[in-house]
Amino acid sequence: MNESTIFIIAMACYLIAFFLYCVYFSTNKDKIYKIARIANWIGAISAIIALGLRWNEAGYPPLSNMYESMVTLSTFMVLSGIIFTIKHPLAFLEAGSSVFAVMMIGISSLFPREIKPLIAPLQSNWLYVHVSLAFLGESCFAVAFILSYMYCLRRILGNSAGKTTFENKAEKIACYIVTVGLPIIFIAGMILLALTLKENPKYVNKWQNIVYWLICPAIVTSIVLSIMTYLFRGAIGKGAEKWLPEDSVLDNLTYRAIALGYPLYTVGGLVFGMIWANKAWGRYWGWDPKETWALVTFLVYSVYLHVRLSRGWSGIWTACLAVAGFSVTLFTLFAVNFLISGLHSYI
């Protein structure tokens with residue numbers, strides 16, 4: 001089997017795992033959870049094999065273009081979700097990482113997957129450490145994002161009676177912005193991506209896939225989930241009490257994920273990136289769009305750690321910062337490449 005076929009197998013395993021996680025949420029049977037976890041592991045291992053085949057064929061790690069970046073990062077995200085829950089099972093986190101992986105593999109199919117010789121700036125051993133460490137950090141940020149989103153969702157759902165407790169209206173508004181506004185922003189981003197690709201001759205026959213397979217399903221799913229949440233809020237809140245840990249646990253797990261991802265991203269994405277930039281272009285920093293937005297990402301998570309450790313912040317506001325940080329991370333990874341031209345546009 002070739003690389004593409006194995007990625008399809010991995011994607012199928014992720015979808016099966018997600019379905020089984022949903023069944024587990026309804027039945028609360030540990031056997032179903034274990035099977036779902038096995039399916040997730042099979043998908044991750046399959047993706048690793050596919051990445052290994054591509055690496056062997058190309059002669060360099062699969063980190064050089066948009067297609068390779070997306071499939072590699074999707075694999076890191078699933079592995080992070082699985083490994084993060086070895087001691088403390090969190091089915092919703094594993095299910096969320098599976099959904100991310102499926103979306104990223106699906107979007108990656110829009111981009112050229114042909115293996116080509118590395119361009120001059122990428123012909124360096126710094127490619128290994130710079131991009132791989134940055135991706136590991138970003139996969140930890142993805143874990144923090146899922147945990148923070150579920151934290152805000154739980155606060156919105158309230159208890160089994162559908163009652164919520166907020167200290168003030170600002171906290172309530174912030175939670176609704178995260179839980180309701182984020183899907184809207186995602187859909188808007190996908191529409192913008194589709195329109196951008198439509199203007200590019202290379203993607204003239206592919207951009208419609210985003211509309212058919214991402215935008216339309218996302219809109220339908222958002223509407224259905226919103227209606228179900230409104231009609232069955234109490235029942236959903238009661239279920240959330242069973243399969244979601246306490247607010248304080250979610251908050252602490254978010255901090256742990258960011259505390260792990262922050263040094264990986266800082267060293268790999270910024271420090272090693274500057275060293276490589278000096279070797280490739282003769283300067284450590286040039287305010288290239290990718291460099292600038294990588295710095296913005298770093299600053300958002302720096303603020304998160306500062307207000308949590310120095311100011312004692314926790315709960316809704318730090319959760320919002322974690323969500324904002326990952327949103328900036330995604331913008332840095334993907335949107336910058338299409339909307340702003342720069343030295344990193346080849347990625």
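Me: Why is Ile8 called exposed?
Reply: The relative accessible area of Ile8 is 57%. Exposed means over 50%, buried means under 20% and partly exposed is in between (1.4 Å probe, protein chains only), so with 57% Ile8 is on the exposed side. Keep in mind that this is a predicted model, where local features need pLDDT of at least 70, side-chain atom pairs count only at pLDDT 80 or more, and totals for chains, interfaces and linings use all residues. Residues are numbered from 1 along each chain as its sequence is written, and side-chain values use heavy atoms, leaving out hydrogens and water.

Me: Where does Ile8 lie?
Reply: Ile8 belongs to helix H1, residues 3-27. Helices (H or I, at least four residues) and strands (E, at least two) are DSSP runs, numbered from the N terminus. Ile8 and Ile105 are 97 residues apart in sequence, and their C-alpha atoms are 8.7 Å apart in space.

Me: How many helices and strands are there in the protein?
Reply: The protein has 11 helices and 0 strands. Along the sequence the pattern reads α-α-α-α-α-α-α-α-α-α-α. Of its 347 residues, 50% are buried.

Me: How do you know that the span of helix H4 agrees with its 18 residues?
Reply: The expected span of a helix is 1.5 Å times one less than its number of residues. For H4 (residues 91-108) that gives 26 Å, and its end C-alpha atoms are 26 Å apart, so the two agree.

Me: What makes H4 largely enclosed by the rest of the structure?
Reply: Of its 18 residues, 15 are buried, so the rest of the structure largely encloses H4. Two examples follow.

Me: Why does Phe92 count as buried?
Reply: Phe92 has 4% relative accessibility, so it counts as buried. Phe92 lies in helix H4. Not counting residues up to four places away in sequence, Phe92 touches Phe25, Ile146, Leu147, Met150, Trp243, Leu244, Pro245 and Leu250; contact means heavy atoms within 4.5 Å. Phe92 and Leu147 are 55 residues apart along the chain, with C-alpha atoms separated by 8.6 Å.

Me: And why does Ser108 count as buried?
Reply: Ser108 has 1% relative accessibility, so it counts as buried too. Ser108 also lies in helix H4. Leaving aside neighbours within four places in sequence, its contacts are Tyr67, Met70 and Val71.

Me: What share of the contacts in the protein with a separation of 6 or more comes from residues 24 or more positions apart?
Reply: That share is 78%.

Me: What makes the aromatic pair of Trp126 and Phe272 tilted?
Reply: Start with the rule: rings of Phe, Tyr and Trp (its six-membered ring) pair if their centres lie within 6.5 Å, with planes under 30 degrees apart counting as stacked, over 60 as edge-to-face and the rest as tilted. The Trp126 and Phe272 rings are 5.4 Å centre to centre with 55° between the planes, hence a tilted pair. Trp126 lies in helix H5 and Phe272 in helix H9, so the pair ties together parts 146 residues apart in sequence. The structure holds 14 aromatic pairs. Ring pairs also link Tyr21, Tyr24, Phe25 and Tyr33 into a cluster.

Me: What makes the pair of Trp293 and Phe331 tilted?
Reply: Here the values are 4.6 Å centre to centre and 55° between the planes, and the pair is tilted. Trp293 in helix H10 (residues 289-309) and Phe331 in helix H11 are 38 residues apart, and the pair links distant parts of the chain. Trp293 is partly exposed at 27% relative accessible area, and Phe331 is partly exposed at 26%.

Me: Which residues line the second largest cavity?
Reply: Its lining is Leu147, Ser148, Tyr151, Leu250, Asp251, Thr254, Tyr304, Thr318 and Ala319. Helix H5 (126-157), helix H9 (247-281) and helix H11 (316-339) each give two or more residues to that lining. A cavity is a set of points on a 1 Å grid over the protein atoms alone where a 1.4 Å probe fits but cannot get out, and lining residues have an atom within 4 Å of a point.

Me: How many cavities of 30 Å³ or more does the search find?
Reply: The search of the whole structure finds 3. Grid points are joined across faces, edges and corners, and a volume is the space filled by probe spheres set on the points.

Me: What is noted about phi of Trp287?
Reply: Phi is near 55°, a positive value in a residue other than glycine. Most residues other than glycine have a negative phi. Trp287 lies in the loop between H9 and H10, and at 57% relative accessibility Trp287 counts as exposed.

How values were computed. 1 Å grid on protein atoms, 1.4 Å probe; cavity = no way out; pocket = protein on both sides within 12 Å on 5 of 7 lines; lining within 4 Å.
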